[in-house]
Amino acid sequence: TIAADKPLVMSPTFEAADAAALVHRHGITHLNCTDEMLSQMLATVTEQRAFRSLRFVGYAAFNPALADLPARAAVRGVTVVGLYGSSELHALLARRSEDAPLEQRALGGGRLVADEGKVQAHDPETGARLPHGTPGELVFNVPSRMVGYYGNDDATREATTADGWFRSGDLGYTTSERDFVFLTRLGDALRLSGFLVSPAEIEDILLEHPQVIAAQVVGVDTPAGTRAFAFVIPRSAETLDEADILAHCAARLAKYKLPVSVHALAEFPVTPGANATKIQRGKLRELACELTGGR
């Protein structure tokens, strides 16, 4: 806003109705927020076209139950744009184009804002560069890259490649030297049959089943190696038809991605945070281990 010589509207706290009123009052054109914040703001507006002044909303997707938010927002006249940022690089390092089709602009990642910036995907075990379209650890070489972690040279070396690129700890794939898709944190990725798999890929398939309103997938050790284990919140309190859901997945996923089991929960364990309520995947892994007999 400083560079463009335009005003910036700020609020010390977030209240959905107040934020929506600020958009209307000031004719705000650009807004960055989390998926939960946008969903709450939309719920406070009765008009079909919610915010006439907004050109786009850059958003961070934290809540899997709001996976349909970009489509719901589009129906209300709000253009949602995926973003990517990192404290070590830049808060808004990359973004999608508001002119892209919905299925593309809602993805995490995007095009690096710095013309001279570059992104690659590396094999997290060997460090080898991977071809476009192959998931790996996202590494960046951008002009806003940090010098290092203050007073912690060991952490700086661990987060930096030998030639000075920053290792993000995120799983994703590149589509060009400046464009990439963010999938998930590398620690949440599943190594299945030797392939790195984003849990979201399996979760999206689960969400297509009419009995499922929310899904989380974690890895669990079995005698056959690491397998996917699915937790779902069913649409009703009726007994979940696990066999039908697994058949649904088997028709749409490679065999090695098929969950070893589907378990229903009333809600996922969560931790409230300043930006969003985050699901405790560690607790889900522990529960999956217990349900599979501690293997």
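Trainee: What should I know before reading the values?

Mentor: In this predicted model, local features need pLDDT of at least 70 and side-chain atom pairs count only at pLDDT 80 or more, while totals for chains, interfaces and linings use all residues. Residues are numbered from 1 along each chain as its sequence is written, and side-chain values use heavy atoms, with hydrogens and water left out.

Trainee: Where does Arg 96 lie?

Mentor: Helices (H or I, at least four residues) and strands (E, at least two) are DSSP runs, numbered from the N terminus. Arg 96 sits in the loop between strand S4 (90–95) and helix H4 (102–105).

Trainee: Which side chain of opposite charge is nearest to Arg 96?

Mentor: A salt bridge puts a side-chain nitrogen of Lys or Arg within 4 Å of a carboxyl oxygen of Asp or Glu. Buried means under 20% relative accessible area (1.4 Å probe, protein chains only). Arg 96 is buried without a salt bridge; Asp 179, the nearest side chain of opposite charge, is 5.7 Å away. The Arg 96 side chain does reach the backbone oxygen of Leu 107, at 3.3 Å.

Trainee: Is Gly 172 buried or exposed?

Mentor: Gly 172, in strand S8 (residues 166–174), is buried, with a relative accessible area of 0%. Its C-alpha atom is 4.9 Å from that of Leu 183, eleven residues apart along the chain.

Trainee: Which residues of helix H6 are buried?

Mentor: An α-helix has 3.6 residues a turn, so residues three or four places apart point the same way. In H6 (residues 199–207), the buried residues are Pro 199, Ile 202, Glu 203, Ile 205 and Leu 206. They lie on the same side of H6 because they cover an arc of only 160 degrees around the axis, taken from the directions from the helix axis to the C-beta atoms.

Definitions and conventions. Buried means under 20% relative accessible area, exposed over 50%, partly exposed in between (1.4 Å probe, protein chains only). Lys and Arg count as positive and Asp and Glu as negative; His and the chain ends are not counted. A polar contact is a pair of N or O atoms within 3.5 Å; within protein, one must be able to donate a hydrogen and the other to accept it, and residues adjacent in sequence count only if both atoms are side-chain atoms.
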